[in-house]
Amino acid sequence: MPSFPPAAPPLVPTPSLSDPPQAPHPPASSGIPAWLPQALHAFAFRDYRLQWAGAFTSSIGSWVQQVAQAWLVLDLTGSPFYLGLDAFLGMAPMLGFSLVGGAVADRFDRRKLLLFSQAVQMSSALTLALLVGLHVATGMPLVYAILALSFLTGTAQALSGPAYLALLPNLVLQPFVAQAIAGNAIQFNLARVVGPMVAGLVMARFGAATCFALNAMSFLAVMAALATIRPPQQIPATPGPSWRQEIVTGMRYVFGNRMRRRLCFLATLTTSLGIAVPTLLPQYTRIIWHGDEVLFSRLAACSGLGAVAGAVVVATLAKKAQSMPLILATQAALGLSMLLLAATGWFWLACLWLFIGGALLVATYALVTTCFQHVVTDDMRGRAVSLYMVCFRGGMAVGGLLAGSLAHWWRVTAAFGLAGLGLALVSAWAFLNWRAMTVPPPDRMTDENTPE
């Protein structure tokens, strides 16, 4: 599955009334066990349970690799700039290939696309494990190979990410799509807790190569799930005159509507500024707390615990989460938590702000994506989501590179503080200008280019 974050962990894409009815084989709403909490209703569906289990296993592996790779890059270079560069190369393919991936996801079998993507990512992890072993044995240069493999993995995710986001709503009946994608965010963030802890222990005892090998093995779980599920037959979009025409149609659909356009802006803002803490956490651990990879993994797990809490809260309130003021207030609070993390000199307070920041970051991701998925139709979902991912992951790419550069030339706490301040200020400005804006019901959503 996609590594951090999630092709952004999208939470609640509520289908529009124009979506074709889904007809998989799971139970109807009356068949949901009474003891199952509302946030977990999607687990009553067989295909969703299989996909969730496979994705969770793969996400743990991805977090194991991400933590080990970040620490390895810092060990090899001693520079936070390379942390930002590695993050940039992992996210940058979204800017170039996600639009193609969206058009492909609407035209071809999404499950086959995902199987191919998982195979490419598994091969990349295995290659990295072998290269690390050769580096230990022979001293061969390694950092540029890591950067190249990050770009390859990012390319695979860019081409398949829209297919993954578009497949999830087909694994449950329409009334449970919100809980299904909320559950996807929960599994990803549970993996944020488990993966770093495993990475710290394995890397300290066996080395980074073992972490990469474990990640390669984890892809087998999601590939097995994809081979087993039986989603309803996909109705491909009517092919346009060319790929370019389909991409242009998707761009007009997204950016020709004020609400969708603003949500893409908010996604870019959140990821470009909010990515500073996850990207620079290894440098923060080493410089501020003089810690090793074990302490880094614990701080990452602390942030992951907060992310789980944020995902659960938004999943519970999914039907009440379509509020622009709530999104902007959560963004501003995230910026404040980053400022406080930059300013604190006490370790326990740093852990607290990492926990709160993790919760707010995921909640903001989820709230923005909730609203975006609410205002797109299924026949355009692949292309619309691909453009959203360009904004979402493109913001991560640029923000990670800028944060790494700032920490290299100044200091890591300055990067946290400036990013947090920018997030809070822009959110406050948007709140003053957009506070009256609400997400319309799907049957009242239009594609007119309404005035600002």
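Analyst: Let us begin with a definition: a nonpolar patch joins side chains of Val, Leu, Ile, Met, Phe, Trp or Tyr within 5 Å, from residues with over 30% relative accessible area and no salt bridge. The model before us is a predicted one.

User: Which residues make the nonpolar surface patch here?

Analyst: Trp410, Leu418, Leu421 and Leu425 make a patch of about 410 Å². Leucine 421 belongs to helix H15, which covers residues 412–434. With a relative accessibility of 37%, leucine 421 is partly exposed, because that class lies between the 20% and 50% limits.

User: How many helices and strands does the protein chain have?

Analyst: The protein chain has 15 helices and zero strands. Of its 452 residues, 60% are counted as buried. The accessible surface of the chain is about 17,400 Å², and carbon and sulfur atoms hold 69% of that area.

User: What share of the contacts comes from residues 24 or more positions apart?

Analyst: Among contacts with a separation of 6 or more, such pairs account for 88%. Phenylalanine 176 and phenylalanine 43 are 133 residues apart in the chain, while their C-alpha atoms are 9.6 Å from each other. Phenylalanine 176 sits in the loop that runs from helix H5 (143–167) to helix H6 (177–206).

User: Is phenylalanine 176 buried or exposed?

Analyst: Phenylalanine 176 is buried, at 6% relative accessibility. That value falls in the buried class because the class takes in everything under 20%.

User: Where is threonine 344, and which residues does it touch?

Analyst: Threonine 344 is placed in the loop between helix H12 (324–343) and helix H13 (347–374). Leaving aside residues up to four places away in sequence, threonine 344 touches Tyr284, Leu349, Ala350 and Trp353. Its side chain also reaches the backbone nitrogen of tryptophan 346, at 3.3 Å. The relative accessible area of threonine 344 is 12%, so this residue counts as buried.

User: What is the phi value of histidine 290, and in which loop does this residue lie?

Analyst: Phi is read together with the residue type. For histidine 290, phi is near 55 degrees, a positive value in a residue that is not glycine. Histidine 290 is part of the loop between helix H10 (276–289) and helix H11 (293–316).

User: How is the accessibility of histidine 290 to be read?

Analyst: Histidine 290 has a relative accessible area of 69% and is therefore classed as exposed, the class for values over 50%.

Technical notes:
Residues are numbered from 1 along each chain as its sequence is written. This is a predicted model: local features need pLDDT of at least 70, side-chain atom pairs count only at pLDDT 80 or more; totals for chains, interfaces and linings use all residues. Side-chain values use heavy atoms; hydrogens and water are left out. Helices (H or I, at least four residues) and strands (E, at least two) are DSSP runs, numbered from the N terminus. Buried means under 20% relative accessible area, exposed over 50%, partly exposed in between (1.4 Å probe, protein chains only). A polar contact is a pair of N or O atoms within 3.5 Å; within protein, one must be able to donate a hydrogen and the other to accept it, and residues adjacent in sequence count only if both atoms are side-chain atoms. Contact means heavy atoms within 4.5 Å. Patches are made of residues with over 30% relative accessible area and no salt bridge: like charges are joined within 9 Å, nonpolar side chains (Val, Leu, Ile, Met, Phe, Trp, Tyr) within 5 Å. Accessible areas come from the Shrake-Rupley method with a 1.4 Å probe; for residues, only the protein chains shown count as cover. A salt bridge is a side-chain nitrogen of Lys or Arg within 4 Å of a carboxyl oxygen of Asp or Glu.
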